[in-house]
Amino acid sequence: MSQEAVPSSQPKGLLQQMEELMAALNADLSQLDADFQQSAERPVPAPAEGSDRA
């Protein structure tokens with residue numbers, strides 16, 4: 001994305017802020033998905049003692 005039209009001294013536009021937030025969220029979700037894929041390959045550990053299962 002080019003920022004030639006917006007001088008750096010001006011605050012970011014709402015659209016640009018939203019695009020950056022969406023990019024960060026997408027990266028976080030991609031990492032979370034990778035973590036889930038790895039955990040699916042491992043056996044599930046037994047529940048911790050003292051859990052609220054009744």
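A residue is termed buried under 20% relative accessible area, exposed over 50% and partly exposed in between (1.4 Å probe, protein chains only). By this criterion, 2% of the 54 residues of the chain count as buried. The model is predicted, so that local features need pLDDT of at least 70 and side-chain atom pairs count only at pLDDT 80 or more, whereas totals for chains, interfaces and linings use all residues. Residues are numbered from 1 along each chain as its sequence is written, and side-chain values use heavy atoms, without hydrogens and water.

The chain contains one helix and zero strands, as DSSP runs (helices: H or I, at least four residues; strands: E, at least two).

Helix α1 spans residues 14-41 and includes Leu-29, which is partly exposed at a relative accessible area of 47%. Together with Met-22, Leu-25, Leu-32 and Phe-36, Leu-29 makes a nonpolar surface patch of about 490 Å²; such patches join nonpolar side chains within 5 Å, from residues with over 30% relative accessible area and no salt bridge.

One salt bridge is present, defined as a side-chain nitrogen of Lys or Arg within 4 Å of a carboxyl oxygen of Asp or Glu. It links the side chains of Lys-12 and Glu-20 at 2.9 Å, N to O. Lys-12 is partly exposed at 45% relative accessibility, as is Glu-20 at 36%.

Note on methods
Patch = residues over 30% accessible without salt bridge, like charges linked within 9 Å, V, L, I, M, F, W, Y side chains within 5 Å. Areas by Shrake-Rupley, 256 points an atom, 1.4 Å probe, with all protein chains shown as cover.
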